[in-house]
Amino acid sequence: MFTAEAVARMSDVEVLDLLRDLERQRAALDAVQVRALARMAELRPDRDAGGHRFAGAEVGAALTWTPAHAASRVANATRLTTVFPSTVDALAAGHIDLPRAHALAEITTTLSDDHAGEVETWILARAEHKTLDRWRHALRAKKDRIDPEGADRRREQRRPDRRVDLYAAEDGMAHLDIHDTGERLRAVYLILDKLARTMRAHGATDPLDTLRADALHEIVVNGGGRGVSVELHVAVPYTVLLGAHAGGTLHGYGSLPNTAIKELITTHDTTWRRIITDPVGKVLEVSARRHPGTDLARHIRLRDQTCRYPGCHRPATACELDHTTPHSHGGTTSAPNLGCLCPLHHKLKDQPGWHLKQTRPGRFVWTTPTGATHIVDQEPLVDYDIPPPRQPAPF
């Protein structure tokens with residue numbers, strides 16, 4: 001459709017338009033494939049064989065897919081066409097892509113069809129500008145909110161699935177895959193990160209990712225992690241403290257059901273900080289002020305959660321605090337003028353043609369060299385479907 005010569009003559013605006021159009025065309029073709037895979041399942045019914053193995057085997061042979069992958073794709077396609085027809089329509093129109101459709105089918109498998117349909121309606125109304133990570137995060141949070149008692153039950157059902165797997169990789173490397181509860185693995189990661197940063201402070205020059213791997217080996221093989229403690233940040237709507245089954249959010253992980261929050265409170269040394277949010281759950285103030293500089297940094301990192309460049313999910317704890325309006329141009333060191341940017345996007349901000357404004361605290365507007373604007377707004381630390389009462393109960 002486009003020759004190499006035609007692409008080589010395109011301007012930056014034309015290239016971006018082409019890329020967007022190609023994504024829409026890809027999504028439309030993926031929708032056709034989903035419907036074709038579902039049709040194959042109808043033509044090869046094999047429920048007694050345990051799922052879609054017959055259809056999967058035939059599709060896999062035709063497309064050079066493994067039987068397991070083919071069976072999974074057929075099963076996903078069948079679920080999408082039967083339970084989520086509106087999602088397939090959105091895929092055909094290019095409003096979403098196939099990974100988002102698959103995420104919806106996968107994450108809602110433990111919900112009833114009625115609840116799954118509610119989740120579909122909710123997420124499709126909020127599809128615009130959500131990266132895949134934010135899409136999955138939103139789906140998990142909505143699933144727990146729509147069936148909070150079921151969230152506790154599902155978590156208990158999943159706990160026996162804890163496992164550690166080892167996969168070979170290239171050139172003598174390997175992957176260690178750990179499947180465990182979110183709060184336990186978040187604590188493990190924070191300990192590894194703390195040890196890695198201690199190594200860096202003592203002169204280690206390797207990247208933090210490498211040092212975290214070294215720290216894991218040191219802990220497991222030599223017990224080098226003894227005596228290291230970290231703080232987990234759990235945000236909950238005040239109604240949880242009054243007994244409501246509303247769940248909460250573990251910073252750096254995502255949605256947590258009530259049972260997980262209760263376990264954290266009762267089995268860990270927990271430091272409570274009052275986090276004030278607006279009616280849709282966005283951070284307005286973090287209390288317990290001791291050292292202004294430290295507390296301001298904590299406020300910004302909790303408010304922003306990740307790098308404020310569109311689609312970047314680098315955790316705020318690994319980002320630099322940037323003055324949106326440079327200090328040399330009169331920018332103040334205050335919440336309305338500070339934001340989290342990873343080193344790459346911190347540098348990008350200062351490149352010719354790029355402009356960044358913070359139109360209100362936590363709302364960042366990027367302007368690219370082509371004149372396009374991208375808005376990165378503050379994500380709720382706690383997700384609400386219905387605004388809470390104006391006056392929170394005292395706690």
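**Burial, a helix and a pocket in a predicted model**

Of the 395 residues of the protein chain, 39% count as buried. This is a predicted model, in which local features need pLDDT of at least 70, side-chain atom pairs count only at pLDDT 80 or more, and totals for chains, interfaces and linings use all residues. Residues are numbered from 1 along each chain as its sequence is written, and side-chain values use heavy atoms, with hydrogens and water left out.

Q: Why does the span of α10 agree with its number of residues?
A: A helix is a DSSP run of H or I with at least four residues, and its expected span is 1.5 Å times one less than its number of residues. The 20 residues of α10 should therefore span 28 Å, and its end C-alpha atoms are 28 Å apart, which agrees.

Q: How many residues line the second largest pocket, and which lie nearest its centre?
A: Lining residues have an atom within 4 Å of a point of the pocket, an open set on a 1 Å grid over the protein atoms alone, where a 1.4 Å probe fits, with protein on both sides within 12 Å along at least five of seven lines. The lining has 40 residues, with R140, G182, Y253, G254 and S255 nearest the centre. α8 gives the largest share, 7 residues.

Conventions
Helix = DSSP H or I, 4+ residues; strand = E, 2+ residues; numbered from the N terminus. Buried < 20%, exposed > 50% of the residue type's maximum accessible area, 1.4 Å probe, protein only.
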